[in-house]
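Please read the following walk through the structure with the sequence and the model side by side.

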Amino acid sequence: MSTVATTDPVLTPRQSTAISLRGRLQDALPKIVLAPSFVITIIFVYGFIVWTAYLSFTNSKTFPSYALTGPRAYQRLWRWTFESDPPSSWYTSITNMAIFGFLYIGICLALGLFLAILLDQKIRGEGLLRPIFLYPMALSFIVTGVAWKWFLDPGLGLEQTLHHFGWTSFHFDWIKNKDFVIYTVVIAGVWQASGFVMAMFLAGLRGIDGEIMKAAQIDGASAFQLYRRIVIPLLRPIFLSAFIVLAHMAIKSYDLVVALTSGGPGGSAWLPSNFMYEYTFKRNEMAVGSASAIIMLMTISAIIVPYLYSELKEKAR
């Protein structure tokens, strides 16, 4: 039997150089494509974060002042939080943030989980119900705020409609009541985000091994025990992810408050983002506005950084 010897083609120095250059270009192409967006992000996101932090330690008013004056802006916010009588607009903002954040996150998680459990029962019309619940998330906060403003306006929406039907004793003026206006923001926010949370939980429910559920049912576990001891603990990563997303949305909420309440009577619906915009661009207190922005950033970081650390630590294992 004869054998045919095969040999690799001999490349000239010019050909080997061209192949080597082509390989380097292919390896570098993703970096070249991503470089402009990376540079833009570094400058216009992180660069301006550093610039805002710098301005918070200056005496900037209408225009930036680059002479450092120490933490005076933070001291003013501290006094407005604990020493102001009557309560300052900053105290109102952080109080509203606590109310809005607690109710918004809690109701969205509970309602989203409830809707996901219902849809997970393979009910008829699930394919129609899912986009109905998800549709609000496709709207901007401006659209959501305007729509709910019309609906909750006593002279235009729900109250006026029920008066036309003869229920003249019904009154719902929360949107014009400084003590309750923040709860209208909660209503609109929950309406928009609960469908998104439902989708997250539904994906988690569909990912649970059915054999575990069947084994628990065979052992005599009731439906309540099944969800309490098996399903909900397995959904813990979904709970954490949903909490991070909702907390981020709550802290940076601005347009929903403006579109729905225009800040509320006397600024009673302000959140820290509204305070920051008002003092930076309308009251010519750029240093105070910058300080409030840095506090918002620190709040978001206090939520996101531990989450990222736990995720990276889990992957490392």
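**From a loop to the helices**

Leaving aside neighbours within four places in sequence, proline 265 is in contact with Ile175, Lys176, Asn177, Lys178 and Val181; contact means heavy atoms within 4.5 Å. This is a predicted model, in which local features need pLDDT of at least 70 and side-chain atom pairs count only at pLDDT 80 or more, while totals for chains, interfaces and linings use all residues. Residues are numbered from 1 along each chain as its sequence is written, and side-chain values use heavy atoms, with hydrogens and water left out.

Where is proline 265 placed? Its place is in the loop between helix H11 (255-261) and H12. Helices (H or I, at least four residues) are DSSP runs, numbered from the N terminus. Proline 265 counts as partly exposed because its relative accessibility is 35%; buried means under 20% relative accessible area, exposed over 50%, and partly exposed in between (1.4 Å probe, protein chains only). Leucine 128 is 137 residues from proline 265 along the chain, and the C-alpha atoms of the two are separated by 40 Å.

The loop between H11 and H12 also holds serine 262. Serine 262 is exposed, with a relative accessible area of 55%. Its phi is near 55°, a positive value in a residue other than glycine. Most residues other than glycine have a negative phi. Asparagine 284, in the loop between H12 and H13, likewise has a positive phi, near 55°. At 33% relative accessibility, asparagine 284 counts as partly exposed.

Is serine 253 buried or exposed? With a relative accessibility of 5%, serine 253 counts as buried. Serine 253 lies in the loop between helix H10 (236-251) and H11. Not counting residues up to four places away in sequence, serine 253 touches Phe100, Leu271, Ser273 and Asn274.

The next stop is helix H2. In H2 (residues 72-82), the buried residues are Ala73, Tyr74, Leu77, Trp80 and Thr81. Why do they lie on the same side of H2? They do so because they cover an arc of only 120° around the axis, the arc being that of the directions from the helix axis to the C-beta atoms. Arg72, Trp78 and Phe82, on the other side of H2, are exposed. The buried residues of H2 pack against three helices: H3 (89-119), H12 (272-281) and H13 (286-316).

The axes of H3 and H12 come within 8 Å and cross at roughly 150°. Axes are lines fitted to C-alpha atoms, for helices over the stretch in contact, and angles run from 0 to 180 degrees between N-to-C directions. H3 and H12 are therefore roughly antiparallel to each other; angles under 35 degrees count as roughly parallel, over 145 as roughly antiparallel, 65 to 115 as roughly perpendicular and the rest as oblique. On the H3 side, the contact is made by Ser89, Trp90, Ser93 and Met97, and on the H12 side by Pro272, Phe275 and Tyr279. By class, this contact has five nonpolar, two polar and no charged residues. Ala, Val, Leu, Ile, Met, Phe, Trp, Tyr, Cys and Pro count as nonpolar, Asp, Glu, Lys and Arg as charged, and the others, Gly among them, as polar.

H12 and H13 pack at an angle of about 160°, with their axes 7 Å apart, and are therefore roughly antiparallel to each other. Their crossing is left-handed, which applies if the near helix is turned anticlockwise from the far one by less than a right angle, with right-handed used if clockwise. H12 contributes Pro272, Ser273, Phe275, Met276, Tyr279 and Thr280 to the contact, and H13 contributes Met286, Val288, Gly289, Ser290, Ser292, Ala293 and Met296. The residues of this contact divide into eight nonpolar, five polar and no charged.

Another pair is helix H5 (residues 141-152) and helix H7 (residues 181-206), which pack at an angle of about 125° with their axes 10 Å apart. H5 and H7 are therefore oblique to each other, and their crossing is right-handed. Phe141, Thr144, Trp148 and Leu152 in H5 meet Thr184, Ile187, Ala188, Trp191 and Gln192 in H7. By class, the contact of H5 with H7 has six nonpolar, three polar and no charged residues.

Key:
Helix = DSSP H or I, 4+ residues; strand = E, 2+ residues; numbered from the N terminus.
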